[in-house]
Amino acid sequence: MIYFDNSATTKADPEVVSTYDKVSEKIWGNPSSLHQFGEEAFNLLEQSRKQIADLLGASQSEILFTSGGTEGDNWVVKGTAIEKRQFGNHLITTAVEHPAIHNSMEQLKQLGFEVTYLPVDEHGRISIDDLKAAIRPTTILVSIMAVNNEIGTIQPLKEAAEVLKDYPKIHFHIDAVQGIGKAIQDLIMNDRVDFVSFSGHKFHAPRGIGFIYARRGRKIAPLLTGGGQERNLRSGTENLPAIAAMAKALRLLLTDEKQKVAKEAEIKQRIFDHVKKFPLVTTFSEDNDGFAPHILCFAIQGVRGETIVHAFEEQGIYISTTSACSSKKHLASSTLTAMHIPEKLSTSAIRISLDDHNTLAEADEFNKVFDQLYDKFKILSA
Amino acid sequence: MQYSEIMVRYGELSTKGKNRKDFIRQLGRNVRHSLHDFEGLDIRAQYDRLHVALNGNDSTAVIERLKGVFGIENFSPVIKLEKDFEAVKETALQMIQAQYEPGVTFKINTRRQDHQFEYDTNQINDKLGGHILRNVPGIKVKMKNPDITLRVEVRLNGIFLSSETIPGAGGLPVGTGGKATMMLSGGIDSPVAAYLGMKRGVKLDMVHFFSPPYTSEQALAKAKELTSKVAGYAGSINFIQVPFTKVQETIKEKVPEGYLMTIQRRMMLRIAAAITLARGDKGVFTGESLGQVASQTLESMMAINDVTNLPVLRPLVSMDKTEIIKIAEKIDTYDLSILPFEDCCTIFTPPAPKTRPDLEKTRNFEKLIDVDGLMQEALDGIEVTVIHPGENFMNQSEDVFAELL
């Protein structure tokens with residue numbers, strides 16, 4: 001079995017699962033309780049928070065736990081809108097965001113907010129001039145993803161940060177769900193960013209857990225109100241087993257990050273170089289620094305994405321059409337549509353997404369299977 | 001960049017005349033203390049500067065530590081090279097490139113001690129400046145207030161390059177200002193006052209009052225943890241815990257409600273003063289800020305201060321809460337201070353304490369309790385712990401958690 005769908009989800013690491021189990025079994029107190037069981041749970045909660053903060057160069061109080069990437073994205077967008085509504089009603093994002101951002105923006109639009117979607121070029125990248133031009137006196141949020149989940153484009157975050165230094169009141173959010181552990185932490189945790197959202201299950205932690213970074217001093221309204229957990233910003237009894245497991249997963253992820261990323265890049269390169277030679281193949285991801293090392297998206301003309309996915313599956317190789325979220329809806333990829341790729345081609349796109357557990361041997365095996373399948377696809381396409 | 005040493009420039013102490021030697025010696029000790037866990041460092045405190053030879057240690061980690069040592073004006077990471085001018089040119093270029101930003105200006109500042117060296121000061125300035133101008137497009141030379149000053153020192157034992165000046169913590173080396181006690185509650189203010197006291201060179205003994213079962217073990221642990229945080233500026237700190245339950249219970253029983261707080265504070269200051277004198281310390285620091293709460297009005301201070309003629313030092317006296325919080329955040333005590341554990345100042349608080357207690361009345365009400373007996377009992381029960389920087393008191397299961405995380 002070859003699993004090349006790590007941007008959809010990753011397999012939880014056995015060591016991480018063991019932390020989850022042990023915490024569920026032994027440290028089951030409610031961190032808010034005053035007695036020793038609560039105390040112990042509270043300490044583990046804060047220790048986990050500290051570990052995550054240290055790994056990201058943040059301070060402990062800047063890390064807030066969520067249920068995952070979707071919650072983090074919803075929270076920053078809507079929480080900013082609520083918090084800063086008397087200062088303005090305009091939000092800026094890109095045309096290639098994850099639906100968690102896009103649909104939150106759409107919801108706000110129905111409530112009277114105004115949204116600018118920055119267009120992207122043929123590589124799925126926004127232009128800084130467009131960003132500059134989009135900023136208004138009423139702008140309260142700029143939300144840009146770090147790494148596109150469908151084709152792997154890295155957005156010009158540093159440059160955006162520079163622009164926003166002239167607008168210190170605007171909240172700057174980065175969706176780093178696909179960007180963590182890809183050796184671009186300096187781009188993500190830059191000196192201007194105010195909020196960053198992360199999701200645990202994209203880096204071998206369990207589902208249902210994530211966190212946001214919220215720069216000290218930046219205010220955001222809570223979406224979940226109640227018992228006042230997370231400094232009154234995100235109520236709900238803390239999911240401690242998952243939180244501790246995620247803290248561990250993040251530590252493992254960032255250990256030897258450079259080597260892991262180099263390995264992923266090498267695997268991606270080997271497949272990229274191979275498939276590029278075939279005339280029916282159009283690649284959307286590139287093999288340069290402007291793209292994440294773990295995502296490769298390409299289309300085989302005339303063959304539907306699902307057909308390709310299933311053909312590979314028969315051979316024990318698991319890939320996806322562009323994103324797991326859109327694949328079951330038989331929709332054309334929103335990123336490729338934003339890049340003005342004709343629908344005929346974008347519905348033929350597939351995505352390979354790697355992580356450090358993959359090997360070069362798997363890339364060779366993929367290439368071998370690709371050769372066999374290509375001959376069949378050629379007939380379909382004709 | 002692999003630096004070979006950190007060059008430390010002294011602060012105020014440079015001007016302190018005949019005490020200078022003691023200051024330098026103390027600073028040397030403090031720097032050694034703060035860097036004790038790095039192996040192979042060579043630290044020499046000389047008359048004009050202090051040198052930390054890194055011998056392969058990571059400069060960033062050493063720099064982070066040095067930022068917390070009082071008595072340092074600023075410091076520069078330095079690269080030592082053999083007297084090979086080609087190598088100097090190459091390294092100088094790399095240093096500039098590492099700091100390059102569009103529109104940046106620079107100058108070369110050469111000092112030549114070794115007059116045998118093949119080039120003189122002006123030639124070195126010209127040759128290095130020229131090399132950088134040729135290889136860094138867009139960079140400009142500026143003599144007055146350039147963005148980057150590349151310092152070149154040609155000494156007998158090599159050529160030393162530095163291009164960055166990092167501000168130090170300022171102040172005076174801890175220990176040069178004598179010793180005092182500090183009344184540490186566990187709130188936001190007292191750690192900040194301790195920090196400011198130490199910044200003026202004073203070595204502090206922490207006095208903490210605790211009242212079990214009204215205050216929890218956690219409150220005591222929190223005070224110790226705060227001490228360990230500020231110990232980063234002092235090396236290590238004596239933590240003196242004073243059992244205060246009996247005193248508080250007696251006051252509560254015998255004294256009229258409006259004067260509870262005033263007399264309680266008088267007892268605290270009395271005990272702190274006794275500890276101060278017994279330890280040979282020369283004053284009492286507190287975290288009081290004028291007008292912040294009932295016990296911190298001038299009238300209250302007068303009624304409380306009445307019990308001792310030791311200097312009571314209040315570094316925060318004229319600061320706003322927001323200013324105090326800013327410093328607490330900077331020294332990383334804020335998050336700890338706001339943990340909600342009852343301390344002995346918050347229990348037994350009367351609903352309406354007197355904000356303007358009358359000194360005569362205070363003295364009279366105090367006669368209702370056995371001041372000397374209670375004091376002696378408290379002093380007999382004190383415990384002293386030596387607390388080191390980075391020690392962990394709040395979360396004793398940290399090691400157990402390490403395996404989980």
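In the domain assignment, chain B is divided into domain 1 (5–169) and domain 2 (179–399). The model is predicted, and the results below are computed from its atoms. The C-alpha centres of these two domains of chain B are 43 Å apart. Contact between them involves four residues of domain 1 of chain B and six residues of domain 2 of chain B. On the side of domain 1 of chain B that touches domain 2 of chain B, one residue is nonpolar and three are polar, with no charged residues.

Strand β2 (residues 42–45) of chain B pairs with strand β3 (residues 49–53) of chain B in the antiparallel sense, over four bridges. The two strands, β2(B) and β3(B), form a hairpin, and three residues lie between them. Within this pairing, Ala45(B) has Leu50(B), in β3(B), as its bridge partner. Helix α5 of chain B, comprising residues 189–199, is mostly covered, ten of its eleven residues being buried. Among the buried residues of α5(B) are Asp189(B), Ser190(B) and Pro191(B), together with Tyr195(B), Leu196(B) and Met198(B). After α5(B) comes Gly201(B), which has a positive phi, near 90 degrees.

Chain A contains 15 helices and 13 strands. Its radius of gyration is 21 Å, close to the 21 Å that the globule rule gives for 382 residues, so chain A is as compact as a globular protein of that length. The C-alpha trace of chain A extends over about 70 × 50 × 35 Å along its principal axes. Buried residues make up 49% of the 382 residues of chain A. Of the contacts in chain A with a separation of 6 or more, 73% are between residues 24 or more positions apart.

In soluble globular proteins, nonpolar side chains tend to be buried together. The largest nonpolar core in the model has 105 residues. The residues with the most contacts inside this core are Ala146(A), Val196(A), Ile212(A), Ile243(A), Ala244(A) and Met246(A). Helix α9(A) gives the most to this core, contributing ten residues. Both domain 1 (2–9 + 257–381) and domain 2 (14–254) of chain A are represented in this core, each by at least three residues. A second, separate core comprises 99 residues, including Val8(B), Tyr233(B), Ile324(B) and Ile327(B).

Ala244(A) also has contacts in both chains. When residues up to four places away in sequence are not counted, Ala244(A) touches Thr19(A), Val23(A), Leu44(A) and Ser48(A) in chain A, and Leu404(B) and Leu405(B) in chain B.

Between the two chains, 15 residues of chain A are in contact with seven residues of chain B. On the side of chain A that touches chain B, α1 (14–26), α2 (36–56) and α9 (240–254) of chain A each supply at least two residues. Helix α2(A) provides the largest share of that side, six residues. By class, the residues of the side of chain A that touches chain B comprise four nonpolar, seven polar and four charged.

Technical notes:
Residues are numbered from 1 along each chain as its sequence is written. Chains are lettered from A and ligands numbered from 1 in the order in which they are written. This is a predicted model: local features need pLDDT of at least 70, side-chain atom pairs count only at pLDDT 80 or more; totals for chains, interfaces and linings use all residues. Ala, Val, Leu, Ile, Met, Phe, Trp, Tyr, Cys and Pro count as nonpolar, Asp, Glu, Lys and Arg as charged, and the others, Gly among them, as polar. Domain bounds come from an automatic or database domain assignment. The radius of gyration is taken over C-alpha atoms; the globule rule is 2.2 Å times the number of residues to the power 0.38. A residue is buried if 20 or more other C-beta atoms lie within 10 Å of its own, exposed if 12 or fewer, and partly exposed in between; C-beta atoms are placed from the backbone. A nonpolar core is a set of buried Ala, Val, Leu, Ile, Met, Phe, Trp, Tyr and Cys residues joined through C-beta atoms within 7 Å. Two strands pair if DSSP finds at least two bridges between them.
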